[in-house]
Structure formats: C-alpha cells, structure tokens
Amino acid sequence: MKFTDGYWMMRPGVQAAYPAQVLDGEISADSLVVHAPCYPVRERRDLLRGPSLTVAFAAPLADVIRVTVTHFAGQDRKPDFVLAEAGGQAAPRITEDDEALTFTSGALTARVAKGERWSLDFLADGRRLTGSGSKAMALIDTGAGADVGTASGSGVAPGTHYIREQLDLGVDAHVYGLGERFGPLVKNGQVVDSWNADGGTASEQAYKSIPFFLTDAGYGVFVNHPGRVSFEVASEVVTRTQFSVEGQQLEYFLIYGPTPREILRKYTALTGRPPRVPAWSYGLWLSTSFTTPYDEETVASFVDEMARRELPLSVFHFDTFWMREFNWCDFEWDPRTFPDPRGMLERLKARGLRICVWINPYIAQRSPLFAEAKAAGFLLKRANGDVWQWDLWQPGLAVVDFHNPEARQWFAGKLDALLEMGVDCFKSDFGERIPTDVVYGDGADPERVHNLYAYYYNQTVFDLLRKRRGEGEALVFARSATAGSQQFPVHWGGDCESTFEAMAESLRGGLSLGMSGFGYWSHDIGGFEGTPDPAVFKRWTAFGLLSSHSRLHGHSSYRVPWLFDEESVEVLRRFTKLKARLMPYLLKTAEQAVGSGVPMMRAMVLEFPGDPACTHLERQYMFGDDLLVAPVFDAEGRVSYYVPDGVWTHLLTGERVAGPRWVTEQHGFDSLPVLARPGSVIAFGAVDDRPDYDYAADVTLRVFELEDGAEVGTVVSAVDGSPLAEFTTTRRGSAIRVTASGAPRGWKVQVAGASRVSAEGGSVTPDPLGAVVVAAGDTLVITVED
C-alpha cells in the first residue's frame, strides 16, 4: 500500500505523523516502553497536544524482539495469531544513558537514540542489521478522498488510519518468504498484500499469505497481524522494506539469525512447527480428478492397471463428485454413483491403499446440512441476521463459522462418520474467499478472521484426525493457510495450468512457502487446468516424485500415465520407486522440519547463504541437506543449473560435476539432474514398491566424495523418529571405515565412483555406480584402489 507520491510528497488526502524524538522511557524487568511525540518538544506548551506514539519492546525469545507501535490504545480487536513464544519470555537486558535506551534479547539489541531525531537501530554481533529512521515509522490518516491503493487494487475507505513501519534494506540485501508466492523468489521490488485469495498460481494473489519475511542480511520480520498487511519491499521506497496495517496499533517481531536456517528455527518456535506425518503419505497419490466422470468401476480400473504395470500406489483420492452435485458439502456418498461406499472402501483398503476424500468449509443450500447449520447458528451471518450466501461455486452457498468452537465441533462430527467408514484423510480445499461483510457472535473483527479462517478450518480437521488416528498418523491436503498453519500439514500449491511455465511458477511458490516456515509441500503433477502434453507430464512427474508429497490430479482429464504414452508409465515407475528407496533419507529430512522448521524442499540460498550465486536461484532446490534437484522445464531436455563448491555426483548416472559453476545438460524423460552433495552419506532403503517398510533392513549407505579425515554420522529412523540403526563413516587416506550399531545383518556400503575396492568384514560386488560391499558384521573397512 503506497502513501507517498514520490520522494517528497504524500498522495492526495494523505497525512502522516512521524515520531520526532524520545520524550522518556519506562523500564521494567521485562519491557521497555518509549513515548515518542510526533513533533519536537521544546517547551511545556508542546506537551499539550498530540499525536504521540508509544513504542514498546519485549523479548518473547532469545534473539527476538517484539516491537509494538500504538497510537490509540483503546481499541481491542480480536482474534490474534496463536503464538507459542517457547514457554514464556526471555530475560532481556535494558540500559539507559544520556545517548540512548537499549533493549537486548540474546545477541539482538534494539537501540533508541535520545537525540533530536527519531532513530531505532537493530544491532547484533557488533553490526547494524537494520533500523527505522527519520520518517519511517508513521501514523497515517488517509482523510476524505485519499488516493491510496493496494496490491489487490481494493483501495481503502476515506478517513482510515494506518500504522506504518519502514526498515532499512541494505545494499545486496534480499527478501524472501511472505507465503506461497508464485512470482520471483526474491521479493525485492514487489508489492505484496497478505490477504488470502482464490487466484490460482498465475497471479499475484496467494492461497497462503504469511506476514513473515526473512532476509540474507541476518534477520527476519514477522508482523503479528492476522488481517491484511501490506508490504512494499524496496518498492515505494527502494531502500526500505515497508509494512502497514489499518488501525491504531502495529506489532512486529524482529528475529535475528544470523543464518536463514536460524531465522526459520526461531520464527517457527513462535508460530509452531510441522508434526510428523505418516510414512504412507510419502508414496504416490492418485486422484479421480475434478470434473471427470468416475464411479467404483472407474476407480477399480485405475487401481488394477497401476498394479498390472507395477506402478506403486499408496493413496487414492476421491474429489468433489463423491458427493452429489449442489450438495457440497453434505458428507454423504452420492448413492447414484457409489451405492456401496463402505464395501468399496473395504475393497480398496484390502489392496493396501489409503483413502482421501475432498471437503470444503461451505454448505450449499440444497445440502440437508444447510437447515441444520442455520438453525444452530453455525453459518456466517450478515449484520441484519441473514445467512451470508452467494451463488459462486455452489447455488446458495453458505460459509461455516469456524471461529465458533461449537460449529467446529459440529463440522468435525460429520467427518467422524467418514473416518469410521474407512476414510484415512481429507483434502481440505478452499477457505480463502471468506467474506468481511459479516458479524461474528463474539464481536470478532471480520478483517482479522479472513486469513485466520484457514487456520481454524484446517486445525479442526487435523485435530480430529490426530484424535482418531493417533499422533504421527494425521494429515490433511490443504490449500489455504496463514501463519501457524504449518502445524496442520500437508499443503499443496493450488490450481495451476498444465504447462512448463506453470510448473516453474509452482516451484517458485513452494520454495517461497518453505521460506515462510512450512515443512512439507506438494503440487498437482502434470498441472490442474487443461491436459498436459506428454512432455510436460513426464517432466513434471520427475519433479513431483522429488517433492515431499506427490499427487496425480487434474481438472477435466485423468492423470493416469498410460493415457499420455507408454514412456510416461516408465517415467512414473522409475521415480516412484526411487522415492520409495529414498525413504530413510526423506524421514531424516522430515525430522529437521519437525525439530527446527527447516523445509524438506529448500531454496538454494537457504542451504548456501554465503554463495552469492544462490541468491536468485528458483529453478532448482535442495531436497534435504544432501540432494540438489534441478527439474527440466523443456520438452527437449535442456537444463541449466548451478553447482556449488565441491565435486557433486549425479545420483542416477554416477557422473561427477565440479563446482562452483553453471552446467548445461541434456536429459531424457527418464532423467533429470539429481546431485549428491560432496561428503554426504545417504541411506537407501531396500524396498521400492511402498513407502512404509523396515528402513534398516538391507539398507545401503551410498558414500559420496568423502574427504580424508572426514567423519559422518548416519541415523536410520522409523517414521516416529526412533532410531532403527546408527552408522559412523570415517575416511583415512584410501580407507573408509563404517561401524554400525543396531543394524540387522545384510547392510551395505556403496562407494560412489569406486570400481576397484577391497574390504575387511564384507564381500564386494561390482556395480556401475560404484562397488557395493555387503557387511558380515558391525564393522567394514573398505580400501579404495582406483
């Protein structure tokens, strides 16, 4: 949201008041409160007017400072984000001298100068990170007829008040995050409104708006406002990052890293971290698609053909038309299409499949639940008491009031019957177009509920699944989200076209969401809108199976591979089996998301913040610590990607690539750049036809470019995080020593690229990717002879 007309002037009708100086500060054991008049105070009569801003500092966590800027304190708008604050406040250090007031949390200090000009600096480890100087923090009055626009073009009402903050953005500082954004990964130069919308993946709108950004300059910022937050990232003022909210108060958290990973760790300590998800969810999901015709015969034919072609399948998803048209939602199987739903589910589950069904938080007027929910007061209402309705999506559609705990309990009860029938999880679709011209029974502010609605909705569904299925067995397939929604995984990217361009924008969105605290992410393989040509489908398949979660789903056409060509079947088989074998590594990667908020799919800058070549990379990513993935966005197979320092190894071919440098390659449909990091030891499971198995049985440790003197620990864990086997790999000269603890007999070691080796404690088998040694006991010593 822009308030200025260039550098010197305000837009017509806009007035701004800026803190001019510090009047005084109030110091307590855990807070600092600074009173800052918006005019110079030279004599007593200057104290007889306003406005004045109150700036309060607190320390919810070490290395985190909460800044609350208030004009009028008489407003109390609810609801708020649910923040963990890691069990309580950190112990700050507060000082005052003739020059400044300082507030320190861990290694982070906020310094407020006492001079004639307002100056707020954030310092850490002997350097200035950022700050709010002259005419940065402001109280804005738009007045009558003000010309103020937002990124979404909605504008503002005359006479509206805003609190604005601007933080300096240094030379070569870059901003990331702000939710699932499908434009450029680096947000510099962009205008972003944190306001959920159902806008697809090809627009500036977002299903998952997160008012949090991190930088490669050592800090991140979380704006603690669940409603609309307008960000001007090096746009209105190109040397500053600006954020503003409507009302009389603005609160933000300045989070010191210094690394992007540390910023995410501390941010997710505030807003929550993703839990573990079931092992079966990492396998391949197949959908009926959206508007395609389907019944049990259709579903069975898909499942039969997947099995006949040896295509491992873990989850079958029923999209919208499992319910009768115009009844969404009534949570009843359409009897015309599915006369025996319980029997059908039993037959599918007997084949080892899990079942997902589509839901949304809306009730169509024809649904029998409409009258029930209306009578109970569980639907959103207008100010005159009428139920809020429109004809978009479903005739007479109404919206369940998920801000009402009783409505949430009622909704969960309807889903409970489906779980009893055999459903395992829900695709919790929609939740973005939540109206603001409504009234909540407890006086909640509709503007603040708009984004939070996604949190309440998905929390309701996830908590039910956790209650019925147990810890670690719950997941949803959600589209909408806000800050904190990472606690209710999994999320997918929404409605994209079936093109290479949409494939690329989807990846940008996923990486952006990962930089916003979300650990898991998925997307519709092949695209959603339209039908992909075989080249797009095959390239997207490889990308999709190298994502945390992998689903075949479309709009008006099926996504079974044999409808494209026979090579599509081969590509799907190859990468589904590869992902199954990678399960020990994927679970290790997921544990990092659970423990520290680091996403499974990572923008390169997150893993290599010191490499300037990684700053803008958005067509490749790190899949965990040790695998670099560069999807191919080209039918002919041309791909260019960046390799960081060291000798990396192609996982699929064994070829070596030395970095740092850019590489251009040609890949067939059965291949793409998947490179193992130098010095890594990656555990491969022995099973390739399902994601849930004993990961330690016959496990293979693949050793890549281990340097002399290196020591690497590898833990193979169960899906609940408990260790199944532990290994220590060391290298001294040409000798690689591996010791095992708790590993069953038959574990193996493969030294990438080594064709000639000898071994003590095991037998050697040649392999094109490197000799494989089968251990006879708990210790192996492998001597590399070439």
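Predicted model: local features only at pLDDT ≥ 70, side-chain atom pairs only at ≥ 80, totals over all residues.
Biologist: How do you know what confidence the predictor has in the protein?

Modeller: The guide is pLDDT, the predictor's confidence in each residue, from 0 to 100. The mean pLDDT of the protein is 96, and 97% of its residues reach 70 or more. Confidence is lowest in β2, at a mean of 94, and highest in strand β33 (residues 627-629), at 99; helices (H or I, at least four residues) and strands (E, at least two) are DSSP runs, numbered from the N terminus.

Biologist: Why is Y7 called exposed?

Modeller: Buried means under 20% relative accessible area, exposed over 50%, and partly exposed in between, with a 1.4 Å probe and protein chains only. Y7 has 73% relative accessibility, so Y7 counts as exposed, and this residue lies in the loop between β1 (4-5) and β2 (9-10).

Biologist: What makes the nonpolar surface patch that includes Y7?

Modeller: The patch, of about 530 Å², is made by Y7, W8 and M9. Patches are made of residues with over 30% relative accessible area and no salt bridge, where like charges are joined within 9 Å and nonpolar side chains (Val, Leu, Ile, Met, Phe, Trp, Tyr) within 5 Å. The areas come from the Shrake-Rupley method with a 1.4 Å probe, and for residues only the protein chains shown count as cover.

Biologist: Why is the contact of R228 with D193 called a salt bridge?

Modeller: A salt bridge is a side-chain nitrogen of Lys or Arg within 4 Å of a carboxyl oxygen of Asp or Glu. The side chains of R228 and D193 meet at 3.4 Å, N to O, so the pair counts as a salt bridge. R228 lies in the loop between β18 (219-223) and β19 (229-233) and D193 in strand β16 (residues 191-194), so the pair ties together parts that are 35 residues apart in sequence. Both R228 and D193 are buried.

Biologist: How many salt bridges does a search of the whole structure find?

Modeller: The search finds 53 salt bridges. One of them joins E705 and R656, whose closest N and O atoms are 2.4 Å apart.

Biologist: What makes the backbone at E310 worth a note?

Modeller: Phi of E310 is near 55 degrees, a positive value in a residue other than glycine. E310 is found in the loop between α2 (296-308) and β23, and its relative accessible area is 54%, so E310 is exposed.

Biologist: Which residues does a cis peptide bond join, with omega about 5 degrees?

Modeller: Such a bond joins W328 and C329, and C329 lies in the loop between β23 (315-318) and α3 (341-349).

Notes: Residues numbered from 1 in each chain as written. Heavy atoms only, no water.
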